[in-house]
Amino acid sequence: MQLSETQELTMKMAKVGYESYAAYTGNKSAVTGDDLPKWEQLPGGVINAWFAAADGMTKFLASVAPVEVVDGE
């Protein structure tokens, strides 16, 4: 599946979020205590959930701190 540029950035944010969570918890699930797999080993559904979380955070940040576009400056 081909991702758009925006989706690629969101996927990178999802990976950073997951890896930050894993680092914080010592690579253990905070719910079950089980070892967490590497990002590349996650099932598609889990990656999709992290993507949705990253997308939600991006939309929230855009709503509270809109980016100003400066034309030619």
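Me: Which residues form one aromatic cluster here?

Reply: Tyr 18, Tyr 21, Trp 39 and Trp 50 make up one aromatic cluster. Keep in mind that this is a predicted model, where local features need pLDDT of at least 70 and side-chain atom pairs pLDDT 80 or more, while totals for chains, interfaces and linings use all residues. Residues are numbered from 1 along each chain as its sequence is written, and side-chain values use heavy atoms, without hydrogens or water.

Me: How many aromatic pairs are there in the whole structure, and what counts as one?

Reply: Rings of Phe, Tyr and Trp (its six-membered ring) pair when their centres lie within 6.5 Å; planes under 30 degrees apart are stacked, over 60 edge-to-face, and the rest tilted. A search of the whole structure turns up 3 such pairs. Take Tyr 18 and Trp 50: with ring centres 5.5 Å apart and planes at 80°, the pair is edge-to-face. This pair links distant parts of the chain, with Tyr 18 in helix H1 (residues 5-24) and Trp 50 in helix H2 (residues 44-64), 32 residues apart. Helices here are DSSP runs (H or I, at least four residues), as are strands (E, at least two), numbered from the N terminus.

Me: Is Tyr 18 buried or exposed, and where does Trp 50 stand?

Reply: Buried means under 20% relative accessible area, exposed over 50%, and partly exposed in between (1.4 Å probe, protein chains only). Tyr 18 counts as buried because its relative accessibility is 4%. Trp 50, at 23%, is partly exposed. Trp 50 also pairs with Tyr 21: the centres are 5.9 Å apart and the planes sit at 50°, so this pair is tilted. Again distant parts of the chain are linked, Tyr 21 in H1 and Trp 50 in H2, 29 residues apart. Tyr 21 is partly exposed, at 27%.

Me: What does Ala 30 contact, leaving aside neighbours within four places in sequence?

Reply: A contact is heavy atoms within 4.5 Å. On that basis Ala 30 touches Tyr 21 and Thr 25. Ala 30 sits in the loop between H1 and H2 and is exposed, since its relative accessible area is 58%.

Me: How do I read H1 as a helix, and which of its residues are buried?

Reply: Start with length: the expected span is 1.5 Å times one less than the number of residues. H1 has 20 residues and runs 29 Å from its first C-alpha to its last, close to the 28 Å expected. Its buried residues are Thr 10, Met 11, Ala 14, Tyr 18 and Ala 22. Down the axis of H1 they fall within an arc of 115° (taken from the directions from the helix axis to the C-beta atoms), so they line one face of the helix. That buried set packs against H2. On the other side of H1, exposed residues include Glu 5, Lys 12 and Tyr 24. Just after H1, Gly 26 takes a positive phi of about 70°.

Me: And how many helices and strands does the chain have?

Reply: The chain has 2 helices and 0 strands. Its radius of gyration (over C-alpha atoms) is 15 Å, well over the 11 Å from the globule rule for 73 residues, so the chain is more spread out than a compact globule. That rule is 2.2 Å times the number of residues to the power 0.38. The C-alpha trace spans about 50 × 30 × 20 Å along its principal axes, and 14% of the 73 residues count as buried.
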